[in-house]
Structure formats: C-alpha cells, structure tokens
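Please consult the sequence and the structure shown below.

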Amino acid sequence: MRRILFAMAMMMAASGSAFAQDTVVIEVPQPARDYVIAHPTDPVVIEGDVAVGTTVPADVKLVPIPDSPDYGYVYVDKQPVIVTMKDRKVVYMSK
C-alpha cells in the first residue's frame, strides 16, 4: 500500500513540475511597484478571479507607469495589480 501511495505522490509531483513550466514569471522593476503603491487609484471591478496571468478586460482603463512604459496598473479590491500594456496580462499583484 505504501508503495502505491509513494508512486502516486511521485507521479503528482512530476506532473506539477510540467505545469509549472507553462508559467512565465516577469519581474516587475521595483521602482514601478513603488510608484503604483505610492499612487493608488479608485478600485475597479473585474468579474471572476484576478491572478497573475489573467487578462484584464479591454474596457478597464489602465493607468500608465511613467518610468516603465511597458506596464500599467489598476486597483482591484484595494490591491494594486500591474499588467503589461502589450497584452494586458497581470504580471504582479500585491500580497
């Protein structure tokens, strides 16, 4: 029985690493994060869960980050969310 549980655990661990390879982590520059925190905006409502990798809908107005033109931001539930301006994907969320 222990061998079966061990084998199942190993298979689950191996499959988890395969999924992790699909996620690209983008490191948002610290000055951009500092700017967003220092300049909060009125929060917006986005339907569904917002997480890193989620695309922000086109009808949500993004606020540009002056020294980081590749990024914009919004506040959702009073938390800053930084997205790429190119494809509107969430790349950073405050914890």
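**Aromatic residues and helix packing**

Both Tyr73 and Tyr75 are buried (under 20% relative accessible area; exposed is over 50% and partly exposed in between, with a 1.4 Å probe and protein chains only). The model is predicted, so local features need pLDDT of at least 70 and side-chain atom pairs pLDDT 80 or more, while totals for chains, interfaces and linings use all residues. Residues are numbered from 1 along each chain as its sequence is written, and side-chain values use heavy atoms, without hydrogens and water.

**Aromatic cluster**
- There are two aromatic pairs in the structure (ring centres of Phe, Tyr or the six-membered ring of Trp within 6.5 Å; planes under 30 degrees apart are stacked, over 60 edge-to-face, the rest tilted).
- Tyr35 and Tyr73 pair edge-to-face, at 6.3 Å centre to centre with 80° between the planes.
- Because Tyr35 lies in helix α2 and Tyr73 in strand β2, this pair ties together parts 38 residues apart in sequence (helices, H or I, of at least four residues and strands, E, of at least two are DSSP runs numbered from the N terminus).
- Tyr73 has a relative accessible area of 2%, whereas Tyr35 is partly exposed at 26%.
- Tyr35, Tyr73 and Tyr75 form one aromatic cluster.

**Helix α2**
- Ala32, Arg33 and Val36 are buried in α2 (residues 30-38).
- These residues lie on the same side of α2, because they cover an arc of only 100° around the axis (taken from the directions from the helix axis to the C-beta atoms).
- Pro31 and Ala38 are exposed on the other side of α2.

**Strand β2**
- Ser68 is located in strand β2 (residues 68-76) and is buried, with a relative accessible area of 10%.
- Beyond its neighbours within four places in sequence, Ser68 is in contact with Pro29 and Ala32 (heavy atoms within 4.5 Å).
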